[in-house]
Amino acid sequence: MLIFDPENERYILGACTEGPEYLGEALAELTAADFYQRENNIIFEAMAKMYQDGREVTAQTFYIEHSDMIKRLGVSWTTLTDVFTNPTAFKVAIAKLKETTKARNLMTLSDTIRQDIENGTSVDEVKARIEIALSKCENAAGRHYISPKDMSRICLDVVAERMEPEGRAKKCIYTCFGALNKATGGIESGDLIILSGSTGGGKSAFAANLARDVCVTQKLPGLYINSEMSADQMALRWSAILAELSHTALRAGKLSDCDFNKLPLKLDAFDTGGLHTLTIPDLRINTVLSEIRRFKAKENIRLAIVDYIGRMDFLDSKADDWQLLTGAARRLKTIAQEQQLAIIMLAQLSASGKLAQASYMSHEADLWLNLRKPNEEETKTFLGSKDPWNIVLEIVKGRNTRTGAMPLYFFGDRLTFTDDKAKALYYAKFVQAAG
Ligand SMILES: Nc1ncnc2c1ncn2[C@@H]1O[C@H](COP(=O)(O)OP(=O)(O)OP(=O)(O)O)[C@@H](O)[C@H]1O
């Protein structure tokens, strides 16, 4: 891999004088820093300035305005602008140039790491710097320019695809919560969903209910990454959710024969489903990203659930919590788009009920769901109409949907949520009878 390619740099500059479509594309994809050679870097910057000022950039106009600078830099302007280009060759050249930038950034990073280690910087601090540097590389790689012509074609393709049920199913994921599906129109590939709630508020259970619908019932491939539970604890939880069994009885080994016999059939669905689970005790954002990439390549996952972000060890002791969480959300959003899958990130609410600096983090999210207890007014309404609801799922923010709240029933001992009133009444009666 080249760390710079002077010929390619000159070719791009020459092509940029061939028409505004080339310079426009270069400006959307590149910055002056992508040009390693000083003279090329300066010329690109000057072209950008002319373009931004609304002036035409051709070999002639640029030379008239910058002849002194061109002479000073020792550039042969006629040779540089004597190029033969076409849109495909230009795209390839831009992609090549971006690769050389990435390679250079990695070289710089490796030099910095070596120096840090030689200077006795702590290993944790070095690792934190690597994470931050890599996250910057990813963000830069995410830029993607779409021409008006391409966008009009994409519009037509996307709309036509959405009109076909099969096409919709390729892009959207539906859950068993009708009101949520209706409000959101389904969870889309590329979406980052933040699921927040207070400690013990049922976030993991709700996320597991979603995973059951998507990966076990609909059999779409998915990944559940957790940092809290051992495989045994997870197995007990999945058994409770899938077979609708008492979590307490499962943990105590006190299932009736009838309940125990329910298990194999339900586990068949798990066996043939698409849910992969992964426990990473010291959850780090880079590990999460590489596992998501690995499972996308191997299993073509459509959904990844990260449970939960509060335990992630970022190793950057200097940054505040909200900066770390926002950074994590940004990187999860980037990978969701890059790998075309939906990601649900669980996050903890602070004791006061506010997600720490939530507004920063929620900028990154397409959908922010919050699980909370019903407020006074909701409780009165539920009691007044004899509705059994005991928990509320709020859409705090939706990029493509209105905000609002929907009531649910959470059957704690079965770790099961429902928005079906008849089922909720049955669960509530069951709980009441059990005392
Ligand atoms: N055996 C049980 N009997 C009754 N309720 C239970 C049982 N097990 C779990 N629960 C309910 O589930 C809740 C915990 O659910 P969950 O672990 O999904 O919450 P969480 O928000 O992810 O918690 P944390 O913040 O600790 O990760 C408990 O607060 C309780 O209401």
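Trainee: What percentage of the 435 residues of the protein chain count as buried?
Mentor: 46% of the 435 residues count as buried. Keep in mind that this is a predicted model.

Trainee: How many helices and strands does the protein chain have?
Mentor: The chain has 19 helices and 11 strands.

Trainee: And what about the accessible surface of the chain?
Mentor: The accessible surface is about 22800 Å². Carbon and sulfur atoms account for 54% of that area.

Trainee: What share of the contacts comes from residues 24 or more positions apart?
Mentor: Among contacts with a separation of 6 or more, such pairs account for 69%.

Trainee: On to the ligand. How many residues surround it, and which are the closest?
Mentor: The ligand is surrounded by 17 residues, and the closest are Gly200, Lys203, Ser204, Ala205 and Arg237.

Trainee: Where do the polar side-chain atoms of Lys203 and Ser204 lie relative to the ligand?
Mentor: Lys203 has a polar side-chain atom 2.8 Å from an oxygen atom of the ligand. For Ser204, the distance from a polar side-chain atom to a ligand oxygen is 2.7 Å.

Trainee: And Arg237, what is the distance there?
Mentor: A polar atom in the side chain of Arg237 is 2.8 Å from an oxygen atom of the ligand. On its own the ligand has 640 Å² of accessible area, and the protein covers 71% of it.

Trainee: Which elements give two or more residues to the shell around the ligand?
Mentor: Those are α11, residues 203–217, and α13, residues 247–252. The largest share, 3 residues, comes from α11.

Trainee: How does the shell split by class?
Mentor: It has 3 nonpolar, 10 polar and 4 charged residues.

Trainee: Staying with α11, there's an Asn209 in that helix. Is it buried or exposed?
Mentor: Asn209 has a relative accessibility of 0%, so it counts as buried.

Trainee: What does the side chain of Asn209 have 2.9 Å away?
Mentor: One of its polar atoms lies 2.9 Å from the backbone oxygen of Leu415. Leaving out residues up to four places away in sequence, Asn209 touches Phe177, Ile241, Leu415, Thr416 and Phe417.

Trainee: Which residues of β3 point which way?
Mentor: Leu192, Ile194 and Ser196 point one way, while Ile193, Leu195 and Gly197 point the other way. In a regular strand, side chains alternate between the two faces of the sheet. In β3 the residues pointing either way are all buried.

Trainee: Last one, Phe4. Where is it found?
Mentor: Phe4 is in the segment before α1, which spans residues 6–16. Its relative accessible area is 30%, so Phe4 is partly exposed.

Trainee: Which residues does Phe4 touch?
Mentor: Not counting residues up to four places away in sequence, Phe4 touches Glu9, Tyr36, Gln37, Thr100 and Arg104. Phe4 and Ala103 are 99 residues apart in sequence, yet their C-alpha atoms are 8.6 Å apart.

Methods: Residues are numbered from 1 along each chain as its sequence is written. This is a predicted model: local features need pLDDT of at least 70, side-chain atom pairs count only at pLDDT 80 or more; totals for chains, interfaces and linings use all residues. Side-chain values use heavy atoms; hydrogens and water are left out. A residue is near a molecule or strand if one of its heavy atoms lies within 4 Å of it. A polar contact is a pair of N or O atoms within 3.5 Å; within protein, one must be able to donate a hydrogen and the other to accept it, and residues adjacent in sequence count only if both atoms are side-chain atoms. Accessible areas come from the Shrake-Rupley method with a 1.4 Å probe; for residues, only the protein chains shown count as cover. Helices (H or I, at least four residues) and strands (E, at least two) are DSSP runs, numbered from the N terminus. Ala, Val, Leu, Ile, Met, Phe, Trp, Tyr, Cys and Pro count as nonpolar, Asp, Glu, Lys and Arg as charged, and the others, Gly among them, as polar. Buried means under 20% relative accessible area, exposed over 50%, partly exposed in between (1.4 Å probe, protein chains only). Contact means heavy atoms within 4.5 Å.
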